[in-house]
Amino acid sequence: MTATKSTRLRWQLVAVIYLTSLFYFLFQGGKTAMMLFMILNLLLIYLVLGRWSGINKVVGSRTYQAPGASGLDHSLSAGSVLDVSLQVKIPGFYPLPYVIVRDQLQRHNGQKLAFETSFVPNWKRSGQVAYQTPPLQRGEYRFTHTQCLSYDVFGLFEHAGRFGNETIFSVQPQTVPLRQWNGIQRGIRGPYSHAIASRSAKETTQINGVREYLYGDRLSRVHWNATAKTGEWKSKAFERESLPRTVVILDRHPGGYGGELATRFELAVSAAASLLENGLKDDTAMGLLSVGETMTVLPPKAGLDQRNLLMKHLTYVDADAARPLYASLQRADSMLEPGSFAVVITPEVGADIIRSMEWLSRKGITPCMLHISSSVDMLSHNTSWKHMMRERGWPVFEIRQLQELPAALEGSGIA
């Protein structure tokens, strides 16, 4: 039964009771009938006036932030929670026993999170409510309008209003800071092996421009003149020794991730985000190849704009590739530039991944593998493919949790 039909039936019930009391008063008379009739008139007036309770013109505002943050954090990472506070003001004078507040958070894939709380209005007919969201997955979220409901003291009739505009924010993949890539530097066999690690790419003293300030830049790097002119933080851009153009290849084929698809694919996305963010922080030209329902190729570049493009893609990406990694690489044949260095993030094992690495090598690309492992892989004891990778000079790094990534990259590259 819809809310409209339910309300109509309740009004009909009230009308029947009122008419019954009216006939009783007209035909029976007496003090008792008069008192009953007066009480029903007062109750009817109370119920009718509820339509002008003012809640249909409710106003309010919403604020939210991550716990411990000093202000609204626009760079939330996966797993973050939000403390949400709602200020509500109801115009008018009609007494309201309590107000129910319903808020809704909607993810870009249609998933909805509903929140409901209540408060008793103070003498100014205002109040505040707060709630905390569960840990949020990466993606784009939007707060829809906030709905406020009130009832009469009998709980018979509902009066509603809403306020607020849609508010949109993004939750980016979780990342971990990386210190250095010693394992990659030692393991790569190719013309750029001397410059794989970002620490080995030393800066010269020659300034070749101004770039956006990145969190963590030293004060000595700040370009004070450009900062004063633009009103935004700017850093000096120095010429660097030759670095390889690095491409992170993300395997989006759901079949490879097995029964732990959600967990393992999120790990792959977080690992890709960590590698890209670390490389861009050191001014390495970083790119991304991500093939799914649609193919996304971001050629290697450096700078803040490149980081924003990469993180935006990784915020929305899903494991929706119809073909395995090898077929996806062939689709992007013309997009891969020979002479670059590729980090392949994949759960594949055995002959399938070896075929993909061979294909990259034939293209003139120096490959490296970051294997997203699982408990099944550990129990299978299938390591022959790893030895074959080692013999051909292709480092293999293996992780089961994101926190293992820094230590894995500093290892030998042989899992």
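Buried residues are those with under 20% relative accessible area, exposed ones have over 50%, and partly exposed ones lie in between (1.4 Å probe, protein chains only). The model shown is predicted, with local features needing pLDDT of at least 70 and side-chain atom pairs counting only at pLDDT 80 or more, while totals for chains, interfaces and linings use all residues. Residues are numbered from 1 along each chain as its sequence is written, and side-chain values use heavy atoms, with hydrogens and water left out.

**View 1. A salt bridge between D103 and R62.** The closest N and O atoms of this pair are 3.1 Å apart, a salt bridge being a side-chain nitrogen of Lys or Arg within 4 Å of a carboxyl oxygen of Asp or Glu. D103 belongs to strand β4 (residues 99-107) and R62 to strand β1 (residues 59-65), 41 residues apart; strands (E, at least two residues) and helices (H or I, at least four) are DSSP runs, numbered from the N terminus. D103 is buried, at 3% relative accessible area, and R62 is buried as well, at 16%.

**View 2. Helix α9 and its buried residues.** Residues 351-362 form this helix of 12 residues. Its buried residues are I353, I354, S356, M357, W359 and L360, and they pack against β13 (246-250), α8 (325-331), β16 (341-346), β17 (366-372) and α11 (384-391), where contact means heavy atoms within 4.5 Å.

**View 3. A salt bridge between E358 and R392.** The N to O distance here is 2.0 Å. E358 lies in helix α9 and R392 in the loop between α11 and β18 (396-399), so the pair ties together parts 34 residues apart in sequence. E358 is partly exposed, at 24%, and R392 is partly exposed, at 39%.

Notes. The expected span of a helix is 1.5 Å times one less than its number of residues.
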